[in-house]
Amino acid sequence: MTRPIGTPGRASWKEEAVGMVLGFAVLALLPFLFTDAYSRHVLIMVFIYAVVASNWDLSLGYGGVFNFGHLALFGIGVYAYGLLTKLMGLDPWLALVASGILATAAAILVTIPILRLKGIYIILVTFGFAQLVMQVILSQSDYTGGTQGMVRIPGLYWFDHNMVRDGKFAYFFLALGLLAASTVFLRVFVRSRIGAGIVALRDNEEYAIARGISLVRQRMITLAASAFFTGMAGAFYAAYQRNASIDVFGMSLATIILSMVLLGGTSTIYGAIIASFVLTVFAELMADFGAWRPIITALLIIVVMLAYPTGLAGLIRAGWAATAGRLRRTAPAARPAETT
Amino acid sequence: MGASAEILFGGLFQGSLYAMMAVGLALVWTTIGVFNFSHGVFMMLGAYLAWQFVDIGLPLPVVLPLAVVAMAAIGWLLQASVVRPLIGRPNIVLVVVITTLAAASLIENGVLELWGPRSKQIPPLLEGNTTIGGVGVSMHQIAIIVITPVILAALWLFLNRTRLGLALRAVAQNEDASLLVGLNVTALYGLAFAIAAALAALAGIFLGGYRFMSPVMGADPLLKALIVVVFGGISSISGPIFAAYLIGFFEAASNYYFGLYWTPALLFAVLILTLMVRPEGMFARSSRSLA
């Protein structure tokens with residue numbers, strides 16, 4: 001059954017643009033509501049995670065490429081920024097962009113061995129790539145600090161504004177700007193012809209190839225596109241924290257970000273962003289529970305995944321459809337993979 | 001002589017542990033078609049259960065089967081709670097990755113809460129040390145090197161010679177046809193997880209008698225088992241077993257010549273190269289070629 005373009009589940013360009021502007025306007029008001037540095041810090045972390053998670057959604061959700069080296073791209077961003085600013089004395093803003101470009105180059109490099117592979121095999125190679133990057137960073141301890149990490153990395157600057165004593169005001173808006181740029185890029189990308197081609201490859205590889213879509217080119221474009229803002233987010237993270245540690249390659253961060261992608265609902269971009277917010281704030285609220293925090297979080301993830309396989313985005317969509325009285329013929333959960 | 005003996009024993013010992021882990025992982029993978037990221041914590045939990053049983057004064061010959069059976073039950077339970085409800089969904093592979101990862105985090109933190117972070121150790125299977133070819137090895141290690149092939153052979157016999165084992169393999173090969181001939185596929189899914197968990201528990205108990213245990217002790221063996229399974233291919237049970245020993249020897253040799261530090265990187269580099277040449281694994285019969 002063919003669905004005409006501009007049908008249920010897919011908002012028009014204009015609707016989406018208005019929604020996005022409104023959404024980011026609300027986010028931009030938050031620092032005036034939360035004036036303490038701690039709340040702002042939590043929000044900055046939400047934005048960084050949201051960039052990483054939503055870009056992962058591009059390769060994992062839309063592309064169907066099980067890229068488990070996504071956090072390595074983030075890590076490359078972190079260390080590239082650290083090395084470029086601290087050792088080579090590059091301007092922090094230039095280093096930020098350069099880190100994004102380096103992560104993109106790394107993504108293209110890792111695509112080469114996975115071009116012939118499928119599914120679970122891709123997990124291994126990309127995971128192996130992440131381990132390789134980590135080992136290289138660990139072994140070059142003269143530059144990277146090895147297991148000690150790097151400290152006193154130069155932060156970003158904004159004209160004469162004092163970045164340190166403003167209660168994280170400036171960093172909040174820089175992080176928000178990064179998320180906005182990344183989100184606009186991702187949404188335009190997935191709505192474009194290339195985005196449609198990527199989804200076609202995921203849903204029916206043989207047919208898509210038969211229709212003239214190049215698997216090699218699309219897979220490379222997908223991974224490269226998902227890498228740039230991820231690397232930038234890594235660089236921003238390094239600039240914000242002013243240090244770099246090998247922990248960014250660890251399993252625990254990867255698990256958290258991955259659960260953001262899946263909890264939010266794959267192939268939506270927005271889902272990953274919403275889930276970053278929910279999970280990060282939830283984790284902060286439960287700080288008092290100490291050791292029970294990861295246990296409760298894990299339970300929450302399992303329950304949501306079992307109850308709502310399309311994640312929070314599916315939940316919201318279902319709720320919206322119900323309240324707006326726009327219940328469609330087919331329930332959202334019953335439809336195959338979303339292609340909005 | 002010293003070098004080769006050291007590599008030989010190190011390889012056999014590590015290979016045994018990897019084989020025990022990888023076989024369970026491959027079993028779940030072939031039967032259900034999902035990758036179980038809780039496999040590492042199965043190993044850890046098995047070791048902790050055994051430690052607990054030893055702590056309340058049970059002798060090792062009782063503890064071993066008790067812990068293994070308990071883990072089989074836990075494996076079955078986990079399958080029933082976080083894997084079975086997802087079967088039939090289009091994105092099951094991805095969703096199972098996250099549910100088993102979450103379950104792993106749950107169990108890991110639960111163990112940390114219950115037994116604390118202090119390192120523990122289980123008594124070895126056999127006391128004492130000996131010297132073979134100029135290299136000192138513990139009797140425990142020798143016991144593992146001898147016992148593992150026996151267990152793997154028993155598993156092979158089970159899968160190839162018994163009705164239940166054949167049913168399990170039938171499900172792995174063709175689920176629809178298995179349903180048509182009246183096999184209880186759901187129960188067989190549970191069985192695959194139970195066997196995998198039992199083998200992982202055994203590996204955990206073996207490792208716990210040799211090194212100190214910690215709640216994260218399963219992470220590295222899980223990673224190695226993943227490598228082994230992909231390296232060996234999954235078309236038969238012998239593929240991962242061969243690959244386990246091969247990787248055990250590779251690791252022992254690399255540790256000896258290049259040092260502990262570079263071994264993981266070297267291993268992954270070799271693996272990525274292997275996959276580029278043979279995407280279906282070293283010991284697999286050639287499968288459908290990929291696009």
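The model is predicted, so local features need pLDDT of at least 70 and side-chain atom pairs count only at pLDDT 80 or more, while totals for chains, interfaces and linings use all residues. Residues are numbered from 1 along each chain as its sequence is written, and chains are lettered from A and ligands numbered from 1 in the order in which they are written.

Let's start with chain B, which has eleven helices and two strands (DSSP runs of H or I, at least four residues, and of E, at least two, numbered from the N terminus). Along the sequence they run α-α-α-α-β-β-α-α-α-α-α-α-α. Its C-alpha atoms fill a box of roughly 60 × 50 × 35 Å along the principal axes. Of its 291 residues, 51% are buried (20 or more other C-beta atoms, placed from the backbone, within 10 Å of a residue's own).

Now for the contact (C-beta atoms, placed from the backbone, within 7 Å): 35 residues come from chain A and 36 from chain B. On the chain A side, helices H5, H9, H11 and H13 each give two or more residues, and H5(A) has the largest share, with ten.

Finally, take a look at H10(A), residues 215-241. Its end C-alpha atoms are 39 Å apart, which agrees with the 39 Å that its 27 residues should span (1.5 Å times one less than the number of residues). Even so, there's a kink of about 25° centred on Ala227(A), the bend being the angle between axes fitted to the seven residues ending there and the seven starting there. Because 20 of its 27 residues are buried, H10(A) is largely enclosed by the rest of the structure. Next comes Arg242(A), with a positive phi near 60°.

Methods: Two residues are in contact if their C-beta atoms, placed from the backbone, lie within 7 Å. A residue is buried if 20 or more other C-beta atoms lie within 10 Å of its own, exposed if 12 or fewer, and partly exposed in between; C-beta atoms are placed from the backbone.
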